[in-house]
Each structure stands twice: as C-alpha cells, then as structure tokens.
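Dear colleague,

Please find the structure below, together with a summary of what was found in it. I would be grateful if you would read the two side by side.

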Amino acid sequence: MIVQSASLPDCANQIDSCLYHYGYGLPDINKATINSPNRVTLYATGNITPKNTNLYRVKIPSEISRPGNEYNIKIEITLSYKAEPRITRKGTRSYLSAWLDWEASKPGENLDIFKDRILSQDEDEENAEMPEQDAVVPPDNENFKWVISSRSNSGEFNSIRRQDGTLQKDWCIIPSNKMPTDFVLAVKGHNGWQRDISKEIPYSVVVSFEVIDNSEVDIYNLIEVENRIEIEIEH
C-alpha cells in the first residue's frame, strides 16, 4: 500500500533517470490508508505456482465510460511477491526460485477475450524465460500507455522492465470514455531455478483508479457499487 500510494514529484519529470533517484516516488499516508471519493483502491492476496495464472476483474460502470465524459483517470497497479533467492546466480529468472509478473487487459477486451488470449499463450518453458535483451517489437497502439511497461524498448523508461524485481508497479492515464467495460488483470507464475513447480508463491496485488482532473466525480462509490459482493447470511 505504501508503494501504491507513491508518486513521482513534479521535478522528477526533468530527470531521465528519475526512477533511480526517487524509486516509485514519495508515499502519501492518506492514499495508503483510506479511499476517497476521487480514488478507489482494490487489493487481493493469493498464492500461485509456476505455469499458472490468476485472473481478477474489475467491472467499470457505464457512468464512467459514457461518451462525452472528458476527465482523465490514473490507473496504478502494484504486485509484490515472495520467492527464494539463490545468491550465486544473476538475473531474475536464475536468481529467484520462481518469478511472477502481471498483465492487464487492453481496451476493448472483456473478461472472456482477455482470458482466451492469456491462457492461449505458449506455456513452453523456453518462452516463459526472461531474456536479458528484449526483441525489437513495434509499439502496440491499442494498449494502455504504461509508464514503465514489461519491455525495455517501450514505456517512458526504456532501460527498465517492471518485472525485474519482486515489487512491481506501473501506471497510466487514460480518458474516462476510453475505459473498458471490464478491466482484467492477470497474475502469472513462471519457472525460476526451483524445479518443483508445485511450490506456491505468495503475493499481493493492488489496483487503484483515480480521477485526477474532476473533483465532482465520485469514482469510489461508482466502482464500489458495481463490484459489490453479495454475502449470504445463514440463519
């Protein structure tokens, strides 16, 4: 929650290597501990094994994505997990017993489309490894513009990949009328040096949606009502 609440100071926009100087930014005690009308934070904890994926869906109410809305929404995601290190090895894949990363749905992808895409990805161990250098790929104009990104040749910080650590944060800003009906997040497990793929890796993941330029939008209640879970009470 502390990392999720952090943001880079304005002066960092002038520093190319600001992540090296500021990390993920300066934490905000209010954002770390409470929600507010213009910001809602959702979190989950779980366990996962390599070669498996856990999916999370946040339903976005039509009031937010209605055409004609002109405010901007900042989406922030933080993933933290615990794995066993091997200090004689170098690189995330060989240093950790297993490693996790996350991937968010693209605009226009609902739960079923995103699930089919994620689960149909090649599960071969070689493709699951993290190469030291990324292949050159064209930018994905249909994806959200994540600041850090999962590839070192995309995002605003070209020398950094968000999955190169056990604490991974990224964020983007999108117009409210571009928000999808479903915002889906996949937490994916991959092999490290540990050959026992049945060993679970504990993790926590946090997602925030914040209206940054319209104080009249109560995004907290809009998303809370849309994602409310009915609890059965036994008599």
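A charge is taken to sit over a ring if NZ of Lys or CZ of Arg is within 6 Å of the ring centre and within 35 degrees of the ring normal. By that criterion, Arg 162 lies over the face of Trp 102, at 3.7 Å from the ring centre. Arg 162 also lies over the face of Trp 146, here at 5.9 Å from the ring centre.

Please note that this is a predicted model, in which local features need pLDDT of at least 70 and side-chain atom pairs count only at pLDDT 80 or more, while totals for chains, interfaces and linings use all residues. Residues are numbered from 1 along each chain as its sequence is written, and side-chain values use heavy atoms, with hydrogens and water left out.

Overall composition

The chain has 8 helices and 7 strands; these are DSSP runs numbered from the N terminus, helices being H or I with at least four residues and strands E with at least two. Of the 235 residues in the chain, 41% are buried, where buried means under 20% relative accessible area, exposed over 50% and partly exposed in between (1.4 Å probe, protein chains only).

The aromatic cluster

Trp 102, Phe 144, Trp 146, Phe 183 and Phe 209 form one aromatic cluster. Rings of Phe, Tyr and Trp (its six-membered ring) pair if their centres lie within 6.5 Å; planes under 30 degrees apart count as stacked, over 60 as edge-to-face and the rest as tilted. The structure holds 4 aromatic pairs. One of them joins Phe 144 and Trp 146 edge-to-face, at 6.3 Å centre to centre with 85° between the planes. Phe 144 and Trp 146 are both buried. Another edge-to-face pair consists of Phe 183 and Phe 209, at 5.5 Å centre to centre and 85° between the planes. This pair links distant parts of the chain, with Phe 183 in strand E6 (residues 182–191) and Phe 209 in strand E7 (residues 201–211), 26 residues apart. Phe 183 and Phe 209 are buried as well.

The strands

Two strands pair if DSSP finds at least two bridges between them. An open sheet of 4 strands has the order E1-E7-E3-E5, with antiparallel pairing. Strand E1 (39–48) and strand E5 (167–175) stand at its edges with a single partner strand each, so one side of each is left without a neighbour in the sheet. E1 and E7 are joined in the antiparallel sense by 10 bridges, and Val 40 has Phe 209 in E7 as its bridge partner.

Strand E6 is largely enclosed by the rest of the structure, because 10 of its 10 residues are buried. Strand E2 (residues 53–59) runs antiparallel to E6 and is joined to it by 7 bridges, with Leu 55 opposite Ala 186 in E6. Strand E4 (residues 98–104) also pairs with E6 in the antiparallel sense over 7 bridges, and Asp 101 stands opposite Lys 188 in E6.

An exposed lysine

Lys 145 is located in the loop between helix H7 (125–128) and E5. Lys 145 counts as exposed because its relative accessibility is 52%. The C-alpha atoms of Lys 145 and Ile 173 are separated by 7.5 Å, although the two residues are 28 residues apart along the chain.

With kind regards
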